[in-house]
Amino acid sequence: MMLSIPARKLALSSSRASSSFIRELSTAPNTKKLRPIFVAATKQHVGKTTTSLALMSGLQKRFPKVGFIKPVGQQHVTVYSQALGQDIQVDKDICLLKEEFHLDHIDYRHMSPVIIPRGYTKKYIDKEITYGQQISDIETSFAEVARASDVVLCEGTGHCAVGSIVNVNNAKVASILGASMVLIANGGLGSAFDELELNRVLCEKYNVPIAGVVVNKVFPDKYDQTKHYMAKALLDQHNIPLLGCIPDRPFLGCPALADLEHLFKTELICGETHRFRHYSVNDMNLITTSLTRFLENIRSKHPRTLYICHVTRDDIILGFMSEYQRNRRENERPFEAALLVCGRKDKYQMADEVRDMFEGMHGAPVMLVEHSTHEAMKMVHDFTPKLNIDDKNRVRKAVEHYEPYIDFDTLLSRTTMDS
C-alpha cells in the first residue's frame, strides 16, 4: 500500500498542466499503471547512482522495457543522438545507464532534458532561461521515454532540494512527473534518519509519495542492528518501508588509476593497460626511506600498494622499474604496485633520461603528478571515485552487490497507482 500523505495544493505555477500531463500518461497502455520511480539522495556520496544501477538491473528482470531519465543534470558529457543525427550534451550518468543496460528503445535526446552547467543559474535569475522552458523540456522528454517503456526510473541530482535556485528541485520534478520517491541514505541510525527527515518533509510539501528508503554502506558489524532499528523507526513514525539495507563493500570506494588520472588531470606515463586497477587508500605508502628499505618494502608489503615519491628521488623511480623487471624475470608473485611521482609544476621536473627509460614498461603503472607528495596524498584520501562506463568491472560488482539486498516486490507494490 502506498504511503498516504495529506493532500495539499502544490505551489507550482503549472499545477493544472502538470495534473493533466500525469493523467495522460497514467492512461497510456504501456505504463501499466505504475508510477515512475524517482531516486534521490540525502547528500553527496551516498551511492545514489549505484542504487540506480541495481534498480535498473532488477527492473529489467521484471519488465521488457525499462526507461531511464535524469530530468535535471549537472556534470555532462558529449554523446551522439541517433534521432537528431548530431552530438548533444547529457548528464554523465545517462551514458553509464544507457550503455550498461542497452537502453536502445530510447534516444539520448530525451534522457537528459535539463543540464545546469556553469553560468546557468545566473542566466535563469536574469530570465534568459525561463521556468516554463525547463518544465516543458522535462515533460516532453519524460513523455517520450514513458511511451516507449513499461516503467520509468528517474535519477535526481543530489538531495531533494538540489535545483531549488532554478525552481526545479528533485521533489518538485518528481511531483510534476507523478513519481514515487526512493530516498537513499548512508549507513547509521541517528544521523541517517535526521537527513532522511529533511528530505521527507520536502517530499511531503510537494505531495510526493515515498515508496521507501535504501540505506547504503552499512558497517558489517552493525548490519543487523541498523536494519532492524531503521526499519522499525521508518514504519513507526512515517509508515515508510526500508527497501534495502546494503552492507559496505570497500572495493567499490577504491579509486582506479583512471580515477586518479581524472583527479590529477594527468595520464599514466607507462602501465596504461592497468588503468582500471583499483587501490585502497589504506595501502598507500609515501617513500621517504632509502632505496634498500624501499625494495624490502615492495617485496614484503601487499602486492597492490600505491607508492608515492618525490620526482627528485631518481633512485626510487629507477628502483621501482628494476624491481618490476626482476619480478618478471624471476616469475614471482604478480607485480601490481603503482607509483605516483610528485613534484610541483614549474619547480620540479622528471629528467628526460629517466622518462625515456619507461618505454616498454607496460606492466608497471607510473603517473606523474604536479603536486607535492603531501597534497597528492590528501587529495587521494579525500577523493570519492564515481562509477563510469569504462570501469566495467566495478560497475558489474556494484550491481551484483546491491541488487540482492533490494526488496523489489515492496517497491513495485508501493508504486502501483491503484494501490
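Lying across is a matter of contact, which means heavy atoms within 4.5 Å. Axes are lines fitted to C-alpha atoms, for helices over the stretch in contact, and angles run from 0 to 180 degrees between N-to-C directions. Helices (H or I, at least four residues) and strands (E, at least two) are DSSP runs, numbered from the N terminus.

Two strands pair if DSSP finds at least two bridges between them. Strand 14 (residues 338-342) and strand 15 (residues 366-369) pair in the parallel sense over four bridges. C342 stands opposite V369 in strand 15.

## Model and numbering

This is a predicted model: local features need pLDDT of at least 70, side-chain atom pairs count only at pLDDT 80 or more, and totals for chains, interfaces and linings use all residues. Residues are numbered from 1 along each chain as its sequence is written, and side-chain values use heavy atoms, with hydrogens and water left out.

## The protein as a whole

The protein has 15 helices and 15 strands. Its C-alpha trace spans about 75 × 50 × 40 Å along the principal axes. Of the 419 residues, 54% are buried. Buried means under 20% relative accessible area, exposed over 50%, and partly exposed in between (1.4 Å probe, protein chains only). Take the contacts between residues at least 6 apart in sequence: 78% join residues at least 24 apart.

The protein exposes about 19,800 Å², and carbon and sulfur atoms supply 49% of it. Accessible areas come from the Shrake-Rupley method with a 1.4 Å probe; for residues, only the protein chains shown count as cover.

Six strands form an open sheet in the order 2-7-1-8-9-10, with parallel pairing. Strand 2 (66-69) and strand 10 (242-247) are the edge strands, and each pairs on one side only. Neighbouring strands here are turned by 20 degrees against each other on average, direction ignored.

Strand 1 (residues 37-41) pairs with strand 7 (residues 151-159) in the parallel sense over four bridges. A41 has H159 of strand 7 as its bridge partner. Strand 1 also pairs with strand 8, again parallel, over five bridges. There, A40 is partnered by L183.

## Strand 8 and beyond

Seven of the seven residues of strand 8 (residues 180-186) are buried, so the strand is largely enclosed by the rest of the structure. S180, V182, I184 and N186 point one way. M181, L183 and A185 point the other way. Strand 8 also runs parallel to strand 9 (residues 210-218), joined by six bridges. V182 has G212 as its bridge partner in strand 9.

K222 is found in the loop between strand 9 and helix 8 (223-238). K222 is partly exposed, with a relative accessible area of 40%. The C-alpha atoms of K222 and G187 are separated by 9.1 Å, although the residues are 35 apart along the chain.
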